[in-house]
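Subject: A structure for you to explore

Hi there,

Here is the structure I promised you. Have a look around first, then read on for what turned up in it.

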Amino acid sequence: MIRINLTSVPVEDQEKALDFYTRVLGFLKKRDVPLGEHKWLTVVSPEEQSGVELLLEPMAFEPARLYQQSLKEAGIPWTSFAVDDIEKEYQRLSSLGVKFSIAPREAGPVMIAVLDDTCGNYIQLMQEL
Amino acid sequence: MRPLLQALYDTVRLTCLIAVDVHMSKKPKTYFENELDRIYREIPFRPEQYVQVRQSKAFMEEFYSDRVELNDLAKAAFMSRFHYVRIFQRMYGLTPRVYLRDLRISKAKGLIRKGLSITQVCFEIGYESVPTFSAVFKKCTGYTPRAYQQLHKSNLE
């Protein structure tokens with residue numbers, strides 16, 4: 001049976017990304033496997049430590065860099081994470097210095113906010129209403 | 001002095017918040033923001049329909065551990081059963097039944113992590129049979145409740 005257990009976000013600097021995704025966003029490091037000049041580096045939600053892993057993928061392929069930059073310029077988030085209380089997360093992350101391109105706003109049946117992960121991407125937070 | 005300092009702090013904080021708000025509203029909108037505005041302008045739901053359906057979700061949040069019938073949910077949303085299911089599905093992409101199932105399994109995971117027995121969790125979240133609960137849990141998470149329980153014990157950070 002084929003399962004979905006991994007997603008990824010491309011990052012300029014894996015160590016910087018690990019710091020942001022753990023210390024700031026609150027994920028936990030799951031795997032750290034040396035692979036040549038880079039690593040297979042994943043994080044998980046503390047509430048789902050055996051759940052889906054997020055791969056902090058090194059930006060090592062130039063055509064992919066163009067795609068990432070184009071998304072960023074258009075304000076399009078690379079991916080979206082779920083939160084229970086978006087206002088609370090917005091306040092918490094803002095106080096940690098995180099920059100938001102979109103403050104919490106309603107978008108139909110959800111509220112969204114979009115932050116800069118400092119590693120080349122916008123990331124969306126979403127709270128279902 | 002304290003009330004004066006507090007008042008001064010509040011004024012500075014409010015001024016900064018207003019400045020951020022003005023700055024953000026003066027920035028030209030990105031392609032993404034324009035698309036968001038366009039898409040959500042075109043969605044055919046009235047604001048009161050969102051409120052009504054959210055009421056049914058609040059009902060599920062409160063009464064998930066009891067027997068919940070579709071009639072109860074439609075009543076909580078002040079809609080007919082037909083309209084309720086149709087609108088819920090168009091709004092959230094899931095039927096109310098699937099949403100309630102996922103809600104119950106999410107609660108179950110939390111309760112297992114808290115240390116309740118599988119049987120306790122089963123009845124706590126509104127199932128009446130442990131084998132049925134276990135089968136649904138496995139279908140939703142990929143783990144039996146017991147395997148999830150063992151996994152959590154060994155994963156504690």
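Let's begin with a single residue. With 8 C-beta neighbours inside 10 Å, A:Ser95 counts as exposed, because the cut-off for that label is 12 or fewer. You will find A:Ser95 in helix α3 of chain A, which spans residues 86–95. If you want a sense of distance, pick A:Val33 too: A:Ser95 and A:Val33 are 62 residues apart in sequence, and their C-alpha atoms are 32 Å apart in space. Please keep in mind that this is a predicted model.

Next, the sheet in chain A. Four strands form an open sheet with mixed pairing, in the order β1-β4-β3-β2. Which strands are at the edges? They are β1 and β2 of chain A, each of which pairs on one side only. On average, neighbouring strands of this sheet are turned by 25 degrees against each other, direction ignored.

You can walk across the sheet pair by pair:

- β1(A) and β4(A) are parallel and share six bridges; A:Leu6 stands opposite A:Glu53 in β4(A).
- β3(A) and β4(A) run antiparallel, joined by two bridges; here A:Thr42 stands opposite A:Leu55 in β4(A).
- β2(A) and β3(A) are also antiparallel, with seven bridges between them; A:Leu28 stands opposite A:Val44 in β3(A).

Helix α1(A) lies across β1, β2, β3 and β4 of chain A, and runs at about 5 degrees to β3(A). Just after α1(A) comes A:Gly26, with a positive phi of about 105 degrees.

The axes of α6(B), residues 96–114, and α8(B), residues 130–141, come within 10 Å and cross at roughly 95 degrees. That angle is why α6(B) is described as roughly perpendicular to α8(B). On the α6(B) side the contact is made by B:Arg101, B:Asp102, B:Ile105 and B:Ala108, and on the α8(B) side by B:Val136, B:Phe137, B:Cys140 and B:Thr141. Sorted by class, this contact has five nonpolar, one polar and two charged residues.

Finally, see how the two chains meet. How many residues does each chain bring to the contact? Chain B brings 16 residues and chain A brings 14. On the chain B side, α2 (31–42), α3 (47–63), α5 (81–92) and α9 (145–155) each supply at least two residues. The most come from α2(B), which gives five. The residues on the side of chain B that touches chain A divide into 10 nonpolar, three polar and three charged.

Enjoy exploring, and send me your questions!

Best wishes

Definitions and conventions: Residues numbered from 1 in each chain as written. Chains lettered and ligands numbered in written order. Predicted model: local features only at pLDDT ≥ 70, side-chain atom pairs only at ≥ 80, totals over all residues. Axes fitted to C-alpha atoms, helices over the stretch in contact; angles between N-to-C directions. Parallel < 35°, antiparallel > 145°, perpendicular 65-115°, else oblique. Contact = placed C-beta atoms within 7 Å. Nonpolar A, V, L, I, M, F, W, Y, C, P; charged D, E, K, R; others polar. Pairing = 2+ DSSP bridges. Buried ≥ 20, exposed ≤ 12 C-beta atoms within 10 Å, placed from the backbone.
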